[in-house]
Amino acid sequence: MDRLQFEVPVRIAPAPGLPVEEIYGVEQALDFLQDWPASRQGPVYQKAFNACFGATVDVVKTEDACRAFMAFCRVSRLMAKDMMVSRKRGGEARTLQP
């Protein structure tokens with residue numbers, strides 16, 4: 001497996017009526033974030049962008065970049081309805097799909 005690939009793809013619904021997209025890794029997440037409107041870029045966006053960029057240069061773990069990207073998707077209401085995220089238990093969050 002590529003070191004920048006997410007363990008589980010992040011499923012997003014970019015807009016009502018559009019098909020669900022799957023983000024498979026850091027580079028795809030960065031592409032998505034770079035296209036995000038500047039007027040909607042806040043601290044959660046910046047954290048996700050920095051984490052994903054940091055993963056490409058080996059200063060952030062891919063799993064941490066994935067968590068930051070997922071947090072951005074949740075806050076931005078992009079997360080697909082079929083993506084379920086359990087609460088942290090034992091210090092680690094798990095992403096589940098039906």
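Is the crossing of α2 and α3 left-handed or right-handed? In the predicted model, the crossing of these two helices, α2 and α3, is left-handed.

Of the 98 residues in the protein, 35% are buried. Among contacts between residues at least 6 apart in sequence, 46% join residues that are at least 24 apart. The average pLDDT of the protein is 88, and 84% of the residues reach a score of at least 70. Over residues 87–98, by contrast, the pLDDT is below 50, although this stretch has 19 contacts in the model beyond near neighbours in sequence. Where pLDDT is low, predicted coordinates should not be read in detail.

Two packed helices are described by the angle between their axes and by the distance between the axes. For helix α2 (residues 43–56) and helix α3 (residues 62–75), the axes come within 8 Å and cross at roughly 155 degrees. Because this angle is over 145 degrees, α2 is roughly antiparallel to α3. On the α2 side, the contact involves V44, Y45, K47, A48, A51, C52 and A55, which meet T62, D64, A65, A68, F69, A71, F72 and V75 of α3. Classified by residue type, the contact of α2 with α3 has 12 nonpolar, 1 polar and 2 charged residues.

Two residues of helix α3 were examined individually. T62, which is found in α3, has a relative accessible area of 14% and is therefore buried. When neighbours within four places in sequence are left aside, T62 is in contact with R3, L4, Q5, F6, V26 and A55. Of these partners, A55 is also among the α2 residues that meet α3, and V26 is one of the α1 residues in the contact of α1 with α2. M70 is likewise found in helix α3; its relative accessibility is 4%, so M70 counts as buried. The C-alpha atoms of M70 and V10 lie 6.9 Å apart in space, while the two residues are separated by 60 residues in sequence.

Helix α2 also packs against helix α1 (residues 26–34), at an angle of about 140 degrees and with the axes 9 Å apart. The crossing of α1 with α2 is left-handed. By class, the contact of α1 with α2 has 10 nonpolar and 2 polar residues, with no charged residues.

L30 and N50 are 20 residues apart in sequence, and their C-alpha atoms are 9.3 Å apart in space.

How values were computed:
Residues are numbered from 1 along each chain as its sequence is written. This is a predicted model: local features need pLDDT of at least 70, side-chain atom pairs count only at pLDDT 80 or more; totals for chains, interfaces and linings use all residues. Side-chain values use heavy atoms; hydrogens and water are left out. Axes are lines fitted to C-alpha atoms, for helices over the stretch in contact, and angles run from 0 to 180 degrees between N-to-C directions. Helices (H or I, at least four residues) and strands (E, at least two) are DSSP runs, numbered from the N terminus. Angles under 35 degrees count as roughly parallel, over 145 as roughly antiparallel, 65 to 115 as roughly perpendicular and the rest as oblique. A crossing is left-handed if the near helix is turned anticlockwise from the far one by less than a right angle, and right-handed if clockwise. Contact means heavy atoms within 4.5 Å. Ala, Val, Leu, Ile, Met, Phe, Trp, Tyr, Cys and Pro count as nonpolar, Asp, Glu, Lys and Arg as charged, and the others, Gly among them, as polar. pLDDT is the predictor's confidence in each residue, from 0 to 100. Buried means under 20% relative accessible area, exposed over 50%, partly exposed in between (1.4 Å probe, protein chains only).
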